[in-house]
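Subject: Structure for your files

Hello,

The structure we talked about is below, and my notes on it follow. Please read them alongside the coordinates.

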Amino acid sequence: MAGVLNIHKFPLLRSVHGSHKTPRKSFPIIRATSETPTSSTSTSVTAPPNFEPPKPKRFAVRPDKTWDIIGASLALFFRLGTGVFVNGYSVSFVSKDAIPPDQYSLEVSGYKVKETSKLGPRPEKPIEIYEFEGCPFCRKVREIVAVLDLDVLFYPCPQNGPTFRPKVVQMGGKQQFPYMVDPNTGTAMYESDDIIKYLVQKYGDGSIPFMLSLGLLTTLTEGFAMIGRMGKGSSYTPSKLPPKPVELWAYEGSPFCKIVREVLVELELPHIIRSCARGSPKRQILFEKTGHFQAPYIEDPNTGVQMFESAEIVEYLKATYASS
């Protein structure tokens with residue numbers, strides 16, 4: 001995590017939230033040491049009494065969450081599925097015998113779906129990003145995270161959040177989001193377009209996906225994508241800060257993952273996203289861990305809880321971490 005910084009004043013770092021500038025050939029970069037932040041307010045937590053994780057139900061929507069999922073699904077239309085597929089995604093239909101039963105795959109009409117992708121270099125440590133759900137500039141960065149299949153340690157910065165918003169000011173000098181720290185290179189930066197450009201050059205093939213390369217139109221459609229959620233994931237709900245980040249297997253294009261992420265942000269809970277968009281090899285990893293693939297899936301090292309099902313995950317997070 002960015003700790004002591006050697007900061008130079010860059011005129012290109014503006015005080016607005018995000019970026020809507022024409023991409024440049026160079027990045028406004030802040031050099032940072034990588035250092036895990038600690039907080040005197042973190043407390044031990046336990047799962048709710050008699051809690052039992054639910055059994056996963058494929059393609060099921062709990063009736064009381066129908067409108068939440070519909071609202072979160074609007075992003076798929078406005079963003080044309082950006083964040084649903086990993087870079088270089090391709091698909092083919094093969095016979096059922098072509099893929100062994102211990103390998104993850106979808107089955108459609110008696111055939112299995114073979115999915116492949118093209119990933120760039122993998123970072124040794126998770127990228128660290130300070131952001132919040134209701135920000136269109138932050139969503140741009142979350143989409144490229146899914147496309148590049150990166151694992152990211154997110155530090156939520158909802159409005160009035162007492163912990164990580166002040167941390168960003170301390171590290172970078174201004175309250176602007178998103179803010180990225182790469183502990184693998186000691187690089188930190190503001191500006192969504194610059195973060196995207198940095199990530200594709202460092203961990204991709206250097207090319208920016210079409211829907212993330214349209215300047216103002218990209219920003220506008222990112223904003224439209226959030227209409228169905230009406231600011232969810234933007235305002236702080238008092239909570240207990242956990243000692244360790246929650247781990248969430250998810251990807252930006254999924255409406256089920258979206259409603260879980262909103263609560264993580266509102267509760268200001270640090271969380272590691274294990275990106276698993278279509279074509280991600282991490283789908284096989286989760287399949288081997290649980291005998292099943294479905295997103296979202298959480299692993300909470302603070303309580304030992306591991307579970308599928310977005311609606312129940314939301315209830316679990318609120319019951320475990322919201323301050324009474």
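Arg139 sits in helix H2, residues 136–148 (helices are DSSP runs of H or I with at least four residues, strands are runs of E with at least two, and both are numbered from the N terminus). The model is predicted, so local features need pLDDT of at least 70 and side-chain atom pairs count only at pLDDT 80 or more, while totals for chains, interfaces and linings use all residues. Residues are numbered from 1 along each chain as its sequence is written, and side-chain values use heavy atoms, with hydrogens and water left out.

Arg139 counts as buried, because its relative accessibility is 2% (buried means under 20% relative accessible area, exposed over 50%, partly exposed in between, with a 1.4 Å probe and protein chains only). Apart from neighbours within four places in sequence, Arg139 is in contact with Ala75, Arg79, Glu222, Ala225, Met226, Glu252 and Lys258 (contact means heavy atoms within 4.5 Å).

**Salt bridges**

There are 26 salt bridges in the structure (a side-chain nitrogen of Lys or Arg within 4 Å of a carboxyl oxygen of Asp or Glu). One of them joins Asp64 and Arg62, at 2.7 Å from N to O. Asp64 is partly exposed at 49% relative accessible area, and Arg62 is partly exposed at 25%.

Glu131 and Arg261 form another salt bridge, with their closest N and O atoms 2.7 Å apart. This pair links distant parts of the chain, as Glu131 is in strand S6 (residues 127–131) and Arg261 is in helix H6, 130 residues apart. Glu131 is buried at 1% relative accessibility, and Arg261 is buried at 5%.

What does the side chain of Arg139 meet in a salt bridge? The partner is Glu252, at 2.8 Å from N to O. Glu252 counts as buried, at 9% relative accessibility. Through shared partners, salt bridges join Arg79, Glu131, Glu133, Arg139, Arg142, Glu143, Glu222, Glu252, Lys258 and Arg261 into one network.

**Buried helix faces**

In helix H5 (residues 216–225), Thr218, Thr219, Thr221, Glu222 and Ala225 are buried. Viewed down the axis of H5, these residues fall within an arc of 170°, so they line one face of the helix (the arc is that of the directions from the helix axis to the C-beta atoms). The buried residues of H5 pack against helix H1 (66–78) and H2.

In helix H3 (residues 164–172), the buried residues are Phe164, Arg165, Lys167, Val168, Met171 and Gly172. They lie within an arc of 155° seen down the axis of H3, and therefore line one face of that helix. Gly173 follows H3 and has a positive phi, near 95°.

**Backbone points to check**

- The peptide bond joining Phe177 and Pro178 is cis, with omega about 0°; Pro178 is in the loop between H3 and strand S8 (179–182).
- From Ala295 to Pro296 the peptide bond is also cis, with omega near 10°; Pro296 is in the loop between H7 and strand S12 (297–299).
- Asp149 is not a glycine, yet its phi is positive, near 60°. Asp149 is in the loop between H2 and strand S7 (151–156) and is buried, with 3% relative accessible area.
- Asn160, not a glycine either, has a positive phi of about 70°. Asn160 is in the loop between S7 and H3 and counts as exposed, at 71% relative accessibility.

**Largest pocket**

The largest pocket has a volume of about 620 Å³. Its lining comprises 25 residues, of which Arg58, Phe59, Leu106, Phe293 and Gln294 lie nearest the centre. Strand S4 (106–108), helix H6 (255–266) and helix H7 (282–290) are the elements that give two or more residues to this lining. By class, the lining has twelve nonpolar, six polar and seven charged residues.

For the terms: on a 1 Å grid over the protein atoms alone, a pocket is an open set of points where a 1.4 Å probe fits, with protein on both sides within 12 Å along at least five of seven lines, and lining residues have an atom within 4 Å of a point. Grid points are joined across faces, edges and corners, and the volume is the space filled by probe spheres set on the points. Ala, Val, Leu, Ile, Met, Phe, Trp, Tyr, Cys and Pro count as nonpolar, Asp, Glu, Lys and Arg as charged, and the others, Gly among them, as polar.

Regards
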